[in-house]
Amino acid sequence: MQTYFQLRLDLVIMSPGIISEITILPGHDKHGNPEPFDQIVIRPGDTLSIVGPTGSGKTAFINDIEVFACNDTATGRTVLVNGEIPAEEFVRDPSKKPIALITQNTKCLADMSVDAFLAMHVRARKMSGLAIVSETIDLANQFTGEQIQPGCRITALSGGQTRSLMVADAVLISNAPLILLDEVENAGIFRERVIEVLKEHQKSVIFVTHDPLVSLLSDRRVVMRHGGVEKILKPDGREIHIREMVARMDLTLCRFRERIRAGELLTEKGFTV
Amino acid sequence: MKLVIIAGPPSAGKTAVTRQIIRHFLGTKKCAFLKIDVVRAFEDEELRDEFHIPARKIYSGDLCPDHTGVMVLKDAISWADGLGTDIFIVESAGLCLRCSPYVTQSLGIVVLSAVSGMNSPLKMGPMISLADVAVITKTDLVSQSEKEVFREKTKEVSPAIDIIETNAIQGTGLRFLMRAIDQQAEISDPATILLRGIPPLGVCTICVGKREIGWQNHFGVVRKLDGADDIFRGD
């Protein structure tokens with residue numbers, strides 16, 4: 001599996017038109033104040049979290065990236081690919097678009113089996129060979145505790161399974177260099193594993209999140225306020241103690257969750273994190 | 001004056017797209033709006049209250065709404081032109097999917113909903129094939145895979161159509177639609193405007209109220225169970 005991914009990655013790197021960076025140029029907040037940064041550059045393997053209260057402009061921020069804003073959205077931001085305004089087909093044709101957006105509203109509506117659904121996507125992309133279908137299901141199964149069977153109906157999958165499948169699809173079939181995940185933490189997927197895999201595959205990912213673990217696992221945190229970027233934090237390891245503790249707490253909660261689902265009574269007098 | 005005609009199935013988001021167009025051009029261009037619907041419509045009141053633009057509606061009642069559109073469009077163009085309108089937007093009811101209200105000297109926009117099922121573009125002939133632009137709404141709600149397949153199927157119906165994907169409530173990605181409207185030529189001569197396609201065969205004995213079943217009881221276009229596959233041809 002590892003060599004196959006490596007091979008795919010090499011192909012991508014060798015192909016022309018590869019995306020080496022996506023740059024966000026500042027706009028303004030709801031009151032018209034300019035955003036206090038020169039540029040945000042996202043390179044392969046980077047993870048960013050967008051944090052801030054409800055209504056602070058988090059979703060508008062990733063929407064700007066998704067549509068490649070060029071000073072034509074409410075925020076006035078501009079998004080560049082490799083330092084330039086991207087070609088129109090990049091922006092308009094979803095099969096050429098280097099970005100996959102997965103939100104809490106994104107659904108698979110088709111009443112098809114998982115393997116037929118993925119095969120349909122492979123065909124729409126005019127890719128040859130269907131080996132990638134089972135690879136995508138295998139990858140999705142690394143993100144979710146409930147195994148996805150190839151013959152299962154898409155519409156019968158749980159929220160976590162669906163989200164896992166969409167992330168795996170974005171990584172392998174869409175092969176999108178930048179993945180935008182809007183509040184997917186509630187879906188019950190293994191967030192640490194998702195971040196690891198995205199890094200392994202040299203994908204950049206931007207999380208809109210309220211989740212402490214996801215925020216702490218990201219390289220950078222973009223803090224939003226009044227519709228604009230307020231500041232950009234780069235922890236550079238300074239949060240490592242809290243990050244490790246939160247990861248342990250998360251694991252503890254996961255174990256409790258599994259035991260509750262398995263029908264156990266949790267009667268310990270206390271526990272260590 | 002530019003003429004923009006918007007069609008599409010019910011609940012696809014025609015009015016959400018209309019709203020984005022008016023909002024975009026507000027302050028630089030004078031917009032006017034006509035809604036053609038069958039029984040009830042509220043869009044004219046909503047848009048008049050929201051944007052303070054001239055807006056009206058007409059009910060087709062027992063008549064096909066696109067038939068009504070053909071009847072009233074010339075009067076409607078005079079009405080809008082008389083008000084000094086720059087962009088006149090006509091929104092159709094969007095019912096039978098065979099219809100195609102687009103005329104020459106206009107920009108024809110079909111609004112399709114990404115959540116309506118991946119095969120839905122294949123079920124709508126001329127409503128898509130005679131349009132200049134397809135605006136696909138609600139793309140934020142469906143998976144990447146379904147979004148791509150929906151686009152492929154729309155292209156299958158009309159290879160040259162200009163496809164614009166959007167979340168019409170937010171207005172994402174609509175800059176390409178605004179550009180198409182900007183580039184649209186003005187009406188040159190209302191007297192020479194023609195319907196682009198041929199409407200479906202409009203009158204049959206069922207349309208006029210004969211309720212008996214069986215082809216033996218009807219006149220005009222009749223079809224037996226076997227052996228009459230090509231009796232209906234569209235554009």
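What follows is a chat about a predicted model with chains A and B.

Colleague: Before I dig in, is this predicted or what kind of model is it?
Modeller: It's a predicted model.

Colleague: OK, chain A then. How many helices and strands are there?
Modeller: Chain A has nine helices and nine strands.

Colleague: And how compact is chain A for its length?
Modeller: Its radius of gyration is 19 Å, close to the 19 Å that the globule rule gives for 273 residues, so chain A is as compact as a globular protein of that length. Along the principal axes, the C-alpha atoms of chain A fill a box of roughly 55 × 50 × 35 Å.

Colleague: What share of chain A is buried?
Modeller: Buried residues come to 39% of the 273 in chain A. As for contacts, take those between residues at least 6 apart in sequence: in chain A, 68% of them join residues at least 24 apart.

Colleague: How is chain A split into domains?
Modeller: The assignment gives domain 1 as 2–236 and domain 2 as 240–273. The centres of those two domains of chain A, taken over C-alpha atoms, are separated by 29 Å.

Colleague: How many residues are in contact between domain 1 and domain 2 of chain A?
Modeller: Five residues of domain 1 are in contact with five residues of domain 2 in chain A. On the domain 1 side, helix H8 of chain A, residues 212–217, gives the most, with four residues. That side of domain 1 of chain A divides into four nonpolar, no polar and one charged.

Colleague: Switching to H4 in chain A. Which residues of that helix are buried?
Modeller: In H4(A), residues 114–124, the buried ones are Val114(A), Phe117(A), Leu118(A), His121(A), Val122(A) and Ala124(A).

Colleague: Where do they sit around the axis of the helix?
Modeller: Looking down the axis of H4(A), the buried residues fall within an arc of 165°, so they line one face of the helix.

Colleague: And what covers the buried residues of H4(A)?
Modeller: The cover includes helices H5 (131–143) and H6 (159–172) of chain A, together with H5 of chain B.

Colleague: What comes after H4(A)?
Modeller: Lys126(A) follows H4(A), and its phi is positive, near 55°.

Colleague: Is His226(A) buried, exposed or partly exposed?
Modeller: His226(A) counts as partly exposed, because it has 15 C-beta neighbours inside 10 Å.

Colleague: What about Asn82(A), what is its phi?
Modeller: Asn82(A) has a positive phi of about 50° although it is not a glycine. For background, most residues other than glycine have a negative phi. Asn82(A) lies in the loop between strand E4 (78–81) and helix H3 (88–92) of chain A. With 12 other C-beta atoms within 10 Å, Asn82(A) is exposed.

Colleague: Over to chain B. How many helices and strands does its secondary structure come to?
Modeller: Chain B comes to six helices and seven strands. From the N terminus on, its elements run β-α-β-α-β-α-β-β-α-β-α-β-α.

Colleague: What's the radius of gyration of chain B?
Modeller: Chain B has 18 Å, which agrees with the value near 18 Å that a compact globule of 235 residues would have. The box its C-alpha atoms fill is roughly 60 × 45 × 30 Å along the principal axes. Buried residues make up 42% of the 235 in chain B.

Colleague: How is chain B divided into domains?
Modeller: Chain B has domain 1 at 2–192 and domain 2 at 201–235. Over C-alpha atoms, 31 Å separate the centres of those two domains of chain B.

Colleague: Last one, the interface. How many residues of chain B are in contact with chain A?
Modeller: 20 residues of chain B are in contact with 23 residues of chain A. On the chain B side, helices H5 (144–157) and H6 (175–183) each supply at least two residues. H5(B) gives the most, with eight residues.

Colleague: How many on that side of chain B are nonpolar, polar and charged?
Modeller: The side of chain B that touches chain A divides into six nonpolar, six polar and eight charged residues.

Methods: Residues numbered from 1 in each chain as written. Chains lettered and ligands numbered in written order. Predicted model: local features only at pLDDT ≥ 70, side-chain atom pairs only at ≥ 80, totals over all residues. Contact = placed C-beta atoms within 7 Å. Nonpolar A, V, L, I, M, F, W, Y, C, P; charged D, E, K, R; others polar. Domains from an automatic or database assignment. Buried ≥ 20, exposed ≤ 12 C-beta atoms within 10 Å, placed from the backbone. Arc of directions from axis to C-beta. Rg over C-alpha atoms; globule rule 2.2 N^0.38 Å.
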